Amino acid sequence: MLEIKDAVAVITGAGSGIGEAFAKYWVQRGGRVVIADVIPENLSRVEKEIVKLGGEVQSTLCDVTKEEDNRRLAVLAIETFGAINLVLPCAGIIKDGLLLSTDRETGKVNQKMSLGQFQSVLDINLIGVFLTIRECAEQMINSGSKGLLCLMSSTGSLGTAGQINYSSSKAAISVIPKVITAEFFRRNLTGRIRCVAVAPGYVATSMVKGMDGKALNKILDDVPIGRLIEPEEIASLVCELFRNEAIAGEVFFIHGGLRLGSRG
Ligand SMILES: NC(=O)c1ccc[n+]([C@@H]2O[C@H](COP(=O)([O-])OP(=O)(O)OC[C@H]3O[C@@H](n4cnc5c(N)ncnc54)[C@H](O)[C@@H]3O)[C@@H](O)[C@H]2O)c1
């Protein structure tokens, strides 16, 4: 079992939501954090709050879509703390819409999802994660660090109407732990660096709380536990996946019993 005490977590998208909650959860258990986000005000607020909690923290602006920003982030973690033990890429966005919308009267297509709307989600949720884990894993290997790459997938990975961009990005994320585990196995690295993904259902962060009350109530009708998942419940799962070294290459759903798959 790995110890959280003194372990170093690199967290992108740490300026709010799951990333923020995880950073606080981790330092409260003795871990150290390198936090990154694109919104400076949020990043410095979270940094101050972590210091108040008595946590050791380094923060840096990082746009995960930029190769150089990810490289700087990974190098900064090593320069500051000498190791990277957990990588949690939480930077992510949604831009929901239908592939094609039709006019109610004519039945003809009156709107299409733009290339920009599709691509911007893939750029952050998939390419960004690829760059973050590539740069961090390089530093982990070269510094002799031991730990976990824990990706954020989603129940949307199974296909949610209105989210062709988001669902595609999360389906791709779900396959990455298998690929990395197989590749690292061949290089005798899997005993040192494992890779998994967590796939949450509806979590109480701004991504979900921003929805109008009616849409939110409709969602909650489908959740057997009858409420949103708390970000700390995701954090608790990630900590267990980190500690338990028998776990590798798998996707772990955490959704309060949500019925999975699109019902149209
Ligand atoms: N909230 C949910 O219900 C839910 C469910 C399943 C999966 N997830 C996933 O969990 C992750 C975190 O989601 P959240 O709910 O905490 O969202 P959130 O919106 O609260 O936080 C996302 C953070 O990412 C940052 N970000 C956006 N673009 C960035 C970029 N280019 N570079 C760096 N940072 C950037 C934002 O500034 C924000 O601080 C996402 O990958 C999301 O898809 C969320």
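Reader: In which loop does Asn 188 lie?

Author: Asn 188 belongs to the loop between helix 5 and strand 8 (193-200). Helices (H or I, at least four residues) and strands (E, at least two) are DSSP runs, numbered from the N terminus. The model is predicted: local features need pLDDT of at least 70, side-chain atom pairs count only at pLDDT 80 or more, and totals for chains, interfaces and linings use all residues. Residues are numbered from 1 along each chain as its sequence is written.

Reader: Is Asn 188 buried or exposed?

Author: A residue is buried if 20 or more other C-beta atoms, placed from the backbone, lie within 10 Å of its own, exposed if 12 or fewer, and partly exposed in between. Asn 188 counts as exposed because it has 8 C-beta neighbours inside 10 Å. Asp 6 is also exposed, since 12 other C-beta atoms lie within 10 Å. Ala 171, in helix 5 (residues 164-186), has 16 such neighbours and is therefore partly exposed.

Reader: Which residues of the largest nonpolar core touch the most other members?

Author: In soluble globular proteins, nonpolar side chains tend to be buried together. A nonpolar core is a set of buried Ala, Val, Leu, Ile, Met, Phe, Trp, Tyr and Cys residues joined through C-beta atoms within 7 Å. The largest one has 69 residues, of which Ile 11 and Cys 150 touch the most other members. Helix 4 gives the most to this core, with 8 residues. Leaving aside residues up to four places away in sequence, Ile 11 touches residues including Phe 22, Val 33, Leu 88 and Cys 90, where contact means C-beta atoms within 7 Å.

Reader: Which residues come nearest to the ligand?

Author: A residue is near a molecule if its C-beta atom, placed from the backbone, lies within 6 Å of it. Of the 31 residues around the ligand, Gly 13, Gly 17, Ala 91, Gly 92 and Thr 205 come nearest. Two or more residues of this shell come from each of helix 1 (17-27), helix 4 (115-143) and helix 6 (206-209).

Technical notes: Two residues are in contact if their C-beta atoms, placed from the backbone, lie within 7 Å.
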